[in-house]
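Subject: Structure handover

Hi,

Here is the structure I promised to pass on. My notes follow below it.

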Amino acid sequence: MAAGETQLYAKVFNKVKCRSTPSLLDPLLGMGFPAHTALKALAATGRKTAEEASNWLHCHCNDPSLDDPIPQEYALFLCPTGPLLDKLQDFWRESRRQCAKNRAHEVFPHITLCDFFTCEDQKVECLYEALKRAGDRTLGVFPSAVPLVLHSSISYLGFFVDDSPADIIREFAVMFATEASILADCSVKPCTKQLHLTLAHKFYPHHQRTLEQLARAINPGHRCQWTAALYSRDMRFVHYQTLRVLFQYKPQNVDELTLSPGDYIFVDPTQQEEASEGWVIGISQRTGCRGFLPENYTERASECDTWVRHRTYTFSVAPDMSSRKDGEAGSRRNGEPNPPSSSRSLSSLQSLQATIVRRSVLVVRHGERVDQIFGKSWLQQCTTPDGKYYRPDLNFPRSLPKRSRGIKDFENDPPLSSCGIFQSRMAGEALLDSGIRITSVFSSPALRCVQTAKHILGEFKLEKKVKIRVEPGIFEWTKWEAGKTTPTLMTLEEMKEADFNISLDYRPAFPLASLLPAEGYDDYVHRCAVSMEQIVNTCPQDGVILVVGHGSALDTCTRPLLGLPPRDCADFAQLVRKIPSLGMCFCEENKEEGKWELVNPPVKTLTHGSNSAFNWRNWIQGN
């Protein structure tokens, strides 16, 4: 940056009437960083230390947006601490376990004091002064106890703040907005409506009763110190999905991202046309760079995980007033203190109860299929001129089962790859170790699904005892199958001859001949729903019903059990493409309430990297 621009920023700092700490900016300028990027780094890291801002700048040296004048968005929240927070966090965990994730899980427990607003990087410190001034004026009248009243509706559950304490809190929000406008030239809209602490939002209606029961276990009268906390977020990624990196990944191509455990990736679901199956395009929060990444190296994170906590003001009601820290620079980015490790709460009890054997349905996607690795022409790669099978790569299976019409029929009914077989056995071994009891098995008629079921049963030593019931009704959506006709699948007799322990007595909900090519979406979800109804009715005893199908089955075979309507077709297509090999969904029957519930699967998904083909001769010649 030119010397004139540096002087301009210095004039701005001298002009604003705030308590400035130029010591944070000076070291960065001394390192040669331009003033505008140094200020951007300080804002992005919460103005904690010059070292942290310097590290941010080094990580973002290749960030194409580094020089863009895009400010952060800020918001002020009133957050509970102490015993009340511990109980709220118990509710957060248990409600997610029993009723799946809802919108409230995206953010920590809080009362919103103002909407998100923007603030120029060079004026962020003025916000801290605005928070202090508003807090000092309110401290003497802040209520010693904030009354919370439980409120429930069909899509919302939370505590409302009532009576005069709500008026005092709203006045504090208005004071902050006024001071921020004067000191930092920000347009802040304070919350003047009903103050509330959300417990659950946009949940499935059939979960309302369970959520209410969990909420009633929270005593809103628990001792609590309330803290006003100022957070910021990157306004560019408000409508993106946030992924948390689980495993390290080194790029194999120039357009791929480097991943380190703990990184956060912003992904726009509407901009994934260029990504192939199992991959997504995202922007790294750590580096600001954009590129491809393997999606199974990540998990969904909460919206607030990437927010930056700047300063807090604690309204202390304890005799020791030193606990109120002006300008506390909370180091945790999500603002959630860790609960005591020794506490055994409602969550522990409920987890213990979950070990009770109930009737359950485990829906599993098949393992890696051979054409997923070697492409549509895989059959040509492994066929001799006289039409016999051979193994051109170790990831091709050792052999193929016999089919009456020869090897050609495998083209649209591919087998598992060698890695797919390994995945299936690993999943079976983990399921065995989890202690579940498989009582019956149903499979799509696709060869890859029947193979997956066989190898899972093999780890339980049940491959000769439990027969696989082939149900064409859970076959893949035929619109996604190649060609104008339904794929030629193996007959039960061919499967039997190939040493699959197939039930010949089972009468499926949909015979194989009933599958129509390019069926409509409504027809597809209907046949899955009818098939699942028959599967569940066929197995009344407690234990696990294993259903091996396709990625789409994790949605279309569980939603009917949960009493949910079909997903929108476009959302369904986006969702299914993200399901990895051996992905699982687990539904448990709650006989007391007469319903099924989605719970955590017994085991984790197997994650691994890719391994490209290698030709030693080409390698020698190329080097």
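Over which ring does the charged end of lysine 454 sit? The ring is that of phenylalanine 500, and the charged end lies 5.1 Å from its centre. A charge sits over a ring here if NZ of Lys or CZ of Arg is within 6 Å of the ring centre and within 35 degrees of the ring normal.

Some ground rules before the rest. This is a predicted model, so local features need pLDDT of at least 70 and side-chain atom pairs count only at pLDDT 80 or more, while totals for chains, interfaces and linings use all residues. Residues are numbered from 1 along each chain as its sequence is written, and side-chain values use heavy atoms, with hydrogens and water left out.

Aromatic rings

Rings of Phe, Tyr and Trp (its six-membered ring) pair if their centres lie within 6.5 Å; planes under 30 degrees apart count as stacked, over 60 as edge-to-face and the rest as tilted. The count by this rule is 29 aromatic pairs. One of them is stacked: phenylalanine 77 with tryptophan 307, at 5.7 Å centre to centre and 5° between the planes. Phenylalanine 77 is in strand β1 (residues 72-80), and tryptophan 307 is in the loop between β12 (298-300) and β13 (308-315). The pair therefore ties together parts that are 230 residues apart in sequence. Helices (H or I, at least four residues) and strands (E, at least two) are DSSP runs, numbered from the N terminus.

Buried means under 20% relative accessible area, exposed over 50%, and partly exposed in between (1.4 Å probe, protein chains only).

Tryptophan 307 also pairs with phenylalanine 108, edge-to-face, at 6.0 Å centre to centre and 90° between the planes. Phenylalanine 108 lies in the loop between α5 (83-99) and β2 (111-112), so this pair ties together parts 199 residues apart in sequence. Phenylalanine 108 is buried, at 2% relative accessibility.

Phe77, Phe108 and Trp307 belong to one aromatic cluster with Phe116 and Tyr231. Phenylalanine 116 has a charged neighbour: arginine 233 lies over its face, 3.5 Å from the ring centre.

A buried serine

Serine 424 is in helix α12 (residues 418-434). Serine 424 is buried, with 0% relative accessibility. What does serine 424 touch, leaving aside residues up to four places away in sequence? Its contacts (heavy atoms within 4.5 Å) are Gly367, Leu416, Thr452, His455, Ile456 and Leu582.

Two lysines with positive phi

Most residues other than glycine have a negative phi. Lysine 202 has a phi near 55°, a positive value. Lysine 202 sits in the loop between β6 (196-201) and α8 (208-216) and is exposed, at 60% relative accessible area. Lysine 461 has a positive phi as well, near 60°. Its loop runs between α13 (447-459) and β16 (468-470). Lysine 461 is exposed, at 63% relative accessible area.

One more exposed residue

Phenylalanine 614 is in the loop between β19 (595-599) and α19 (616-622). Phenylalanine 614 counts as exposed, at 62% relative accessibility.

Best wishes
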